[in-house]
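User: Please take a close look at the pockets of this protein, and explain the terms as you go.
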Amino acid sequence: MSVPTFALIGTGAYVPERVLTNEDMAKIVDTSDEWIFSRTGIKERRIAAPQEQTSDMATAAATIALRDAGLTPAQIDLCIVATLTPDLLMPSTACIVQAKLGLPHHTACFDVSAACSGFIYALETAWAMLQSGRYRHALVIGAEKLSTVMDWTDRTTCVLFGDAAGAVVIGPTPAGSTASIVGTKLYSEGENTELLWIPGGGSAHPHLGPGVPPRFMQMKGREVYKFAVREMEDAVRDILEQCNVDADEVDCVVPHQANLRIIDSIAKFLQLPPERFFVNLERYGNTSAASIPLAIDEARRGGRIQNGSLSLLVAFGAGLTYGSALVRW
Ligand code: COA
């Protein structure tokens, strides 16, 4: 009896209308286009409107992904949202998205918290649940309104991030297709919490005020940079070994869109030419859990990911967490 395989059968993305360029950023904090671009590759990012919530962006991306997959909301029985900026602490953003999309009541809806690695974590979770035989079609969404957790007086963080959402539909491999999720690999280093975190706003420091840690993202940039290079190398090496795939067989690498210099070092490590890497961070900055699904959708629509081709996804983020996945389209 053949084991059923599952594939990414639809993708979608949404970015807010408002563009904040590096020049605009230089009017907010003491920075410059030259500094930001030369160190990160970022030129601009999107900022959501005050009334536009993470769930709205997630719903917009998911609507496009469902249409792309040729499915209706009634056919979804699993919905996972990866986010570090949920609309509310309770309930989950996935439940809010369920209501906005009109997903049926038998849909399992929950959020995944793995920061910028969140999409890979959610992908692995959905894949395992589908393989259990108890679910058939999953919506996996990465959505972030990071502009709400930025300290807009801290130039070391606020220039790096943006708002966006991306979504995929995972379902049984269509007849006649070789598409499938080939493998996934997840890691965490819980001892490094304070390299990248939001110290306030959780149960440790629920009440904001004088002397209490702020509910803003704080980061030790240098250390995170070194961690990202080191562990993304481990994540790509391990997934290739696990799936018995040579780096050269990968048609398109879709890395977490945090920093072009980090992506360049992964390209050198894999000995792959830069053309094999999909990069859109110059237009969106780091959109955390939305970064990979947003890039996947653009790469597919732009013809950089073709049916039958093999993609390597790799991410890192707070936790610290990191992970990789191989996907045949
Ligand atoms: N504009 C201008 N100057 C800035 C600045 C900004 N936006 N941010 C920091 N600086 C200054 C610093 O104050 C420092 O000045 P000093 O030498 O007078 O003290 C100088 O630039 C160098 O800062 P440093 O942090 O050492 O720069 P860097 O070369 O390490 O680059 C990052 C900083 C953040 C771009 C880089 O460390 C990085 O990309 N790290 C990974 C971050 C990341 O990906 N996080 C997301 C994880 S999911």
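Analyst: On a 1 Å grid over the protein atoms alone, a pocket is an open set of points where a 1.4 Å probe fits, with protein on both sides within 12 Å along at least five of seven lines, and a lining residue has an atom within 4 Å of a point. Grid points are joined across faces, edges and corners, and a volume is the space filled by probe spheres set on the points. The model is predicted, and totals for linings use all residues, whereas local features need pLDDT of at least 70 and side-chain atom pairs count only at pLDDT 80 or more. Residues are numbered from 1 along each chain as its sequence is written, and side-chain values use heavy atoms, without hydrogens and water.

The largest pocket has a volume of about 1500 Å³, and of the 50 residues lining it, L196, W197, I198, M217 and A318 are the closest to its centre. By class, this lining has 25 nonpolar, 18 polar and seven charged residues, where Ala, Val, Leu, Ile, Met, Phe, Trp, Tyr, Cys and Pro count as nonpolar, Asp, Glu, Lys and Arg as charged, and the others, Gly among them, as polar. Its largest share, four residues, comes from α7, a helix being a DSSP run (H or I) of at least four residues, numbered from the N terminus.

The second largest pocket, with a volume of about 160 Å³, has a lining that includes A7, P174, R300 and W329. Domain 1 (6–172) and domain 2 (180–328) both give residues to this lining, so the second largest pocket lies between them; the domain bounds come from an automatic or database domain assignment.

Methods: Helices (H or I, at least four residues) and strands (E, at least two) are DSSP runs, numbered from the N terminus.
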